[in-house]
Amino acid sequence: MDNEKKVLTCINCPVGCRMEVTLSPEGAFLSVSGNTCPRGAAYARQECTQPLRTVTAVLPVTGSSVPLSVKTSAPIPKEKIAELMEVLADITVSAPVTLGDVIIPDVLHTGADLVATRSVYTG
Amino acid sequence: MNQAVFSSVPESDPFFSDVLIVGAGITGTALARELSRYEVSVTVLDRGPDVAAGATKANSGIVHAGYDAAPGTKKAYYNVRGAAMYESLCAELCVPFRRCGALVIGFDAADAAVLEDLLARGRRNGVEGLSVISGEEARAMEPALNPDVACALSVPCSAIVSPYELAFALADDAALNGVRFVFSRCAVSAGRDENGWDIGTASGETFRAKVFINCAGAGGADLHNLISSERLSMTHRRGQYYLLDRMTDLPFSRTIFQCPSALGKGVLISPTVHGNLLLGPNAEDVPDPLDTATTAEGLSFVLSRARRTWPQASTRFNITNFAGLRAHLDAGDFVIGRVSGVPGAFEAIGIESPGLSSAPAIAADLAADVATYLKLKKKADIIPFPPRPKPFCEMTDDERASAVRKDPAYGNIICRCETVTEAEIRSAIRRPVGARTVDGVKRRTRAGMGRCQGGFCSPRVAQILSEETGIPLPEITKDGGESRLLCDSVSSFLKGGAEHE
Amino acid sequence: MSENFAETSLDLVVIGAGPAGLAAAIAARETGISSMLVLERESEPGGILRQCIHNGFGLHRFKEELTGPEYAQRDIDRARELAIPMECGTTVLSVSRDRVITCVSPVSGFRRIRAKAVVLAMGCRERPRGALCTPGTRCAGIYSAGTAQRFVNLEGWMPGRRVVILGSGDIGLIMARRMTLQGAKVLACVEIMPYSSGLNRNIVQCLEDYGIPLYLSHTVTDIRGRERLTGVTVAKVDENRNPIPGTGIDFDCDTLLLSCGLIPENELSQGAGVLLSPATSGAVVSERLETSVPGIFACGNVLHVHDLVDHVSAESTRAGQAAASYIRNGPAPAASRPVLDGSGVRGTVPQQVSTSPEEDVSFMFRPSAVYRNAAAVAVCGGRELARKKAMIFTPGEMAVLTVKKEAFESLPDGEITVSIEQPEGR
């Protein structure tokens, strides 16, 4: 069997380099070209092994009409996103919240926390 | 009743009144106001969620001079008399009205002959100030006109108005003086006994009245045919429009009509009272009396015809399109007065163009007729129409400062494009026949009619509506019925899971 | 004079406390200007970033990826640190040619402010359906993507369940992901051009990640639904962007989001007599971001629609510094050298350059088509001032070409033309 070639777009920064990755017949990452920085190469490797994504969402806040915007502190496995949203469906946060507060530590055992990205004050 | 009922006079039986008017468009509201001067109880039903829900909100806004209607017709009679009432009526009701004048343009000898005919017709109908002028004279008045314009009919008395703002003011005045308005009620049955009428609605209610008046617009013929063996046939003639952005220098200061020809009445271009520019309408018959969709073909037709008047016509500054349905009776004229052979029933139907212009005169005559029939006495005291405060957008700096000092809600600009304040929006909801929908706020205040078309203000308007009416935010509608803006809170929606598909 | 309101005089007024206004105010303050006021119509500063809860902001400026609110907070915190006077919930009603501003707020009432310098930082609005003349009914459920974003992210309400998005600009792409994450079904993203105007990364992480199909060279040709939207028709378009009959696909949906372009919000600018450029719909400015009206500066999305907020901050910093310099030193010499859009280029800013710029000048522009392995070039009187090659130039990404200030030395009179040179024979 031959190696497989795939085209990927890097999502690390707004440039969005178009890269070509070479995979082994078993699908293992072999090499990448077209990236303009090392982060791109790292992304390509990760994407072919276990795609990760940063997730952002909003949570309702008792004590405020403005919802709380949150994010995962690091990218989490893409396949866990749906499960994460299910977890978030049951969460309500109480004001006050400070930007950076950890809402859920080590969410879904990914090693990433769910953190507040804005401060919400009471009233 | 579960829907809001608008009236300043509490009634013991909300389903009974001396007079029941079906239709809260320009005709029904003008009539309601006239009748409110008599000692008589009046209820107005409308199948829509608000006043002016039908053609009244979707027309050219022109108060025609009256040269177009054939002499001897009701259209001619009521157009001229109605137009003469407009200026003082609008002043009294604080409704924007401007006598901007009009030109009917022609390109060749055939058109010139038509213009002469319109001139003669106009004079016969009693229109003053008409004259036929040359193409050069027309272009001196309106430099943006097609250079090929060879002749024109000058109509100095032609005017523009905000048709729905007038209907709202008429309704407020009527409600202030005891008229009850009930919305989202479609009349589907009408029976009569010695005591009067039973009008049944699609929602299963029955409204009783001694006298029943059909001002039902697009539904007028169907309603007539429920009670009369002399069947009327109506065609719903849709007209589509472009509405261009406000500009300090509009290309035209007058309404520009095209010469009626074998191809039809022609597409007009007109400034609006608020400084926008209107292009349209076309005319196409549609089978569905609720079909006010715009179409690619219709809009394309309007634009290409508009270019005949204004070669530079472009949709670059278009902010919205809309369409309205003309209630055209196949016999071609208004049908106004007592329904022949049916005691206790009156009607004003087939009120297509020049219906807007005619409405005040139609209402005066019809009210007098009903008063005679019921032997009504005039009221000793009328609650006078309270002068409407100047819109914030028109105020001077000094006036603005005073307004905000008295009411801080004037300091909260909700609609940035049209400079409409929170105070005015709350006012629009608290009026005698107040807004209950986002579009109801829009048409009363202009919030959402500007170049961003509600992109910025509609969340805020919805919030204010919810606060003022107690209707929960997810139940606030754009224009009644099922037109809810939102479906659910973010968290409830997420919990709902797979049910969404 | 019977005026019954306060009139004050300040050195600097900044209109807008989004990233542009904040950066300009901070920059002016850091040069020592203290008589100043930032006016913001929302209840809190941060501008549009408040509702951009996704990440991707700040990679150039902070070397880390932040969400919109986090990026805004950096500037808000700095502004607070510097004790920059700021009033929220205040709407500016007018700006005059001689820099008199009227504004209103429920708390402070109506005020008139005379300013020595003004920075316009009002941002932009979205193109509505009317600008596209899309036929059909006018039902509920049609939103600009930004309005939907406000509902979801700032008000906590879902606008609908089954969504079609018209326009593949970044806002549309971001909302495709947003709505999907929050439980809605996004059926399609429809784009009239043969390429997306959004960032590539967003195509991947907003559409491909969620299996949302992208229909290029398509547009919405009909909208149905009497009261609330029930469906739309999407059709292919030809090279003139006209719908091709018979190619219509019907979608059952209750929500249509429009992401069809942003328009700088220059109503106040026009009132001040500021000259606008038809190519950008923003002010014509010099490299110091000064408009045609002396003492009035413009920066951020109100000047031209940006893709990266980092560029907004950098540009607005320059505007704040220039405004401060104007206040202290009076008018700078007029920027008399015109800058023209050459082939492949649209909306170059600045549109005018001084004879001797004090710093390097960064020209920002939009490629008018997709160019691969091409070069952006600035030329004056036959002399090449700068050249930059790139793998790809695309209308969805604003390009920057920097000309070193030395390149302006002994430059003959005449205009500078910025263009894209395509590679030969490939």
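Where in chain A is the place of Pro96(A)? In this predicted model, Pro96(A) sits in the loop that runs between strand S9 (93-94) and strand S10 (102-104) of chain A.

## Backbone exceptions

Most residues other than glycine have a negative phi, and most peptide bonds are trans. The bond that leads from Ala95(A) into Pro96(A) is cis, with omega near 0°. A cis peptide bond also joins Ser353(B) to Pro354(B), where omega is near 5°, and Pro354(B) belongs to the loop between strand S21 (345-349) and helix H8 (355-374) of chain B.

Chain C contains residues with a positive phi that are not glycine. One of them is Leu289(C), with a phi of about 65°, in the loop between helix H8 (267-271) and strand S20 (296-298) of chain C; Leu289(C) counts as buried because 27 C-beta neighbours lie inside 10 Å. Ser410(C) has a positive phi near 45° and is placed in the loop between strand S27 (399-403) and strand S28 (416-421) of chain C, but Ser410(C) is exposed, since 6 other C-beta atoms are within 10 Å.

## Chain C as a whole

Chain C holds nine helices and 28 strands, and its C-alpha trace spans about 65 × 65 × 40 Å along the principal axes. Its radius of gyration is 22 Å, which agrees with the value near 22 Å that a compact globule of 426 residues would have. Of these 426 residues, 60% count as buried. Among the contacts in chain C with a separation of 6 or more, 64% are between residues 24 or more positions apart.

## Nonpolar cores

In soluble globular proteins, nonpolar side chains tend to be buried together. The largest nonpolar core here has 185 residues, and Ala24(C) and Ala323(C) are those with the most contacts inside it. Once neighbours within four places in sequence are left aside, Ala24(C) is in contact with Val14(C), Val119(C), Ala121(C), Cys299(C), Ser316(C), Ala319(C), Gly320(C) and Ala323(C). Another core lies apart from the largest one and has 126 residues, including Leu31(B), Ile62(B), Ala152(B) and Leu278(B).

## Domains and a sheet in chain B

The domain assignment divides chain B into domain 1 (5-56 + 164-233 + 332-374), domain 2 (102-156 + 235-328) and domain 3 (393-492). Taken over C-alpha atoms, the centres of domain 2 and domain 3 of chain B are 33 Å apart. For chain A, the assignment gives domain 1 (4-49) and domain 2 (56-116), and the centres of these two domains of chain A are separated by 29 Å, again over C-alpha atoms.

Chain B also has an open sheet of three strands in the order S4-S9-S5, with antiparallel pairing. Strand S4 (62-63) and strand S5 (97-98) of chain B are the edge strands, each of which pairs on one side only. Between S5(B) and strand S9 (residues 159-161) of chain B there are two bridges in the antiparallel sense, and Phe97(B) has Val161(B) in S9(B) as its bridge partner.

## Where chain B meets chain C

The contact between these chains takes 51 residues from chain B and 47 residues from chain C. On the side of chain B that touches chain C, at least two residues each come from helix H7 (296-309), strand S19 (318-329), helix H9 (397-406), helix H12 (458-469), strand S24 (488-489) and helix H13 (490-496) of chain B. H9(B) gives the most to this side, with seven residues. By class, the side of chain B that touches chain C comprises 22 nonpolar, 20 polar and nine charged residues.

Strand pairing also links the two chains: S24(B) and strand S11 (residues 157-158) of chain C pair in the antiparallel sense over two bridges, with Asp488(B) opposite Met158(C) in S11(C).

## Where chain C meets chain A

Chain C contributes 23 residues to its contact with chain A, and chain A contributes 20 residues. Strand S3 (55-57), helix H3 (68-81), helix H5 (145-155) and helix H7 (200-207) of chain C each provide at least two residues of the side of chain C that touches chain A. The largest share of that side, five residues, comes from H7(C). The residues on the side of chain C that touches chain A are ten nonpolar, nine polar and four charged.

Methods
Residues numbered from 1 in each chain as written. Chains lettered and ligands numbered in written order. Predicted model: local features only at pLDDT ≥ 70, side-chain atom pairs only at ≥ 80, totals over all residues. Contact = placed C-beta atoms within 7 Å. Helix = DSSP H or I, 4+ residues; strand = E, 2+ residues; numbered from the N terminus. Nonpolar A, V, L, I, M, F, W, Y, C, P; charged D, E, K, R; others polar. Pairing = 2+ DSSP bridges. Rg over C-alpha atoms; globule rule 2.2 N^0.38 Å. Buried ≥ 20, exposed ≤ 12 C-beta atoms within 10 Å, placed from the backbone. Domains from an automatic or database assignment. Core = buried A, V, L, I, M, F, W, Y, C linked by C-beta atoms within 7 Å.
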